Amino acid sequence: MNTKKQIDDIIIRLQKASTPEGIAAFKKFIPGEVTPIGVRMPVINQLAKELNTQLKSDKEDALALAEQLCLTTYPETQILAAKILEKAGKKNPALTLKIVEQFSGSINNWAVCDAFGMQACKGIVKTHFDEITKLSGRLIVSENLWQRRLAIVLMEYYTREKEKHPAIKELLLKVKGDKEYYVKKAVVWIERNFEKGK
């Protein structure tokens, strides 16, 4: 597979679907140093569906594509990477976690952060709790606010399992008193999930 050509084709397709309204919406809801292409989420979802169908028989190619998409500068293509990892991750959980950790330092907005936290590891959350928790443990002590938020969001799935709550609460203690808005919001999100489970 010519990954570079495939990425170029993906970007061209997204650019053709770009609208001024899409760019404005992205910048409104996702402030920060982002350079959006300007497409709505249904466009990304449809493209992810098509790519996952095409790559269904070759998960190694899918993981390679996701890894390279992480290196692009557009939030839409990075979110697309998370959606590909969601489907291909079971093939190689170790590589999936490696991709997530390597990319985490480049995240610069909540949309991409939460896409990776909620979707990239979705295919392995039921089988790799220990590994995901260890990854969260490394990220939550980072000076990078998006890595700290990602550490928290990676734990969201497990809030529905009461036996996992002590491990999650131990992680949250490490960001108690955190001054960053997006980290504090993630903590509130998780704590609300605990309340729902009572």
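Guide: Contact here means heavy atoms within 4.5 Å, and helices (H or I, at least four residues) and strands (E, at least two) are DSSP runs, numbered from the N terminus. This is a predicted model, in which local features need pLDDT of at least 70 and side-chain atom pairs count only at pLDDT 80 or more, while totals for chains, interfaces and linings use all residues. Residues are numbered from 1 along each chain as its sequence is written, and side-chain values use heavy atoms, with hydrogens and water left out.

With those terms in hand, the buried residues of α8 pack against α6, α9 and α10 (165-173). Helix α8 itself covers residues 129-139, and its buried residues are F129, I132, T133, L135, S136, G137 and L139, where buried means under 20% relative accessible area, exposed over 50%, and partly exposed in between (1.4 Å probe, protein chains only).

One of these residues, I132, also belongs to the largest nonpolar core, whose 64 residues include L80, F116, I132 and I152 as the ones that touch the most other members; such a core is a set of buried Ala, Val, Leu, Ile, Met, Phe, Trp, Tyr and Cys residues joined through side-chain atoms within 4.5 Å. Helix α5 (residues 75-88) gives the most to this core, with seven residues. I152, for its part, touches I140, L172, V175, V183, A186, V187 and I190, when residues up to four places away in sequence are not counted.

R148 is found in helix α9, which spans residues 145-153, and R148 counts as buried because its relative accessibility is 10%. Its side chain makes polar contacts (pairs of N or O atoms within 3.5 Å; within protein, one must be able to donate a hydrogen and the other to accept it, and residues adjacent in sequence count only if both atoms are side-chain atoms). The side chain of R148 reaches the backbone oxygen of S142 at 3.1 Å, and a polar atom of that side chain lies 3.1 Å from the backbone oxygen of E143. Beyond four places in sequence, the contacts of R148 are L139, I140, S142, E143, V175, D178, E180 and V183, and L139 is among the buried residues of α8.

The loop between α6 (93-104) and α7 (110-120) holds N109, which counts as buried because its relative accessibility is 1%. The side chain of N109 is joined to that of N108 by a polar contact of 3.0 Å, and it reaches the backbone nitrogen of A111 at 3.1 Å.
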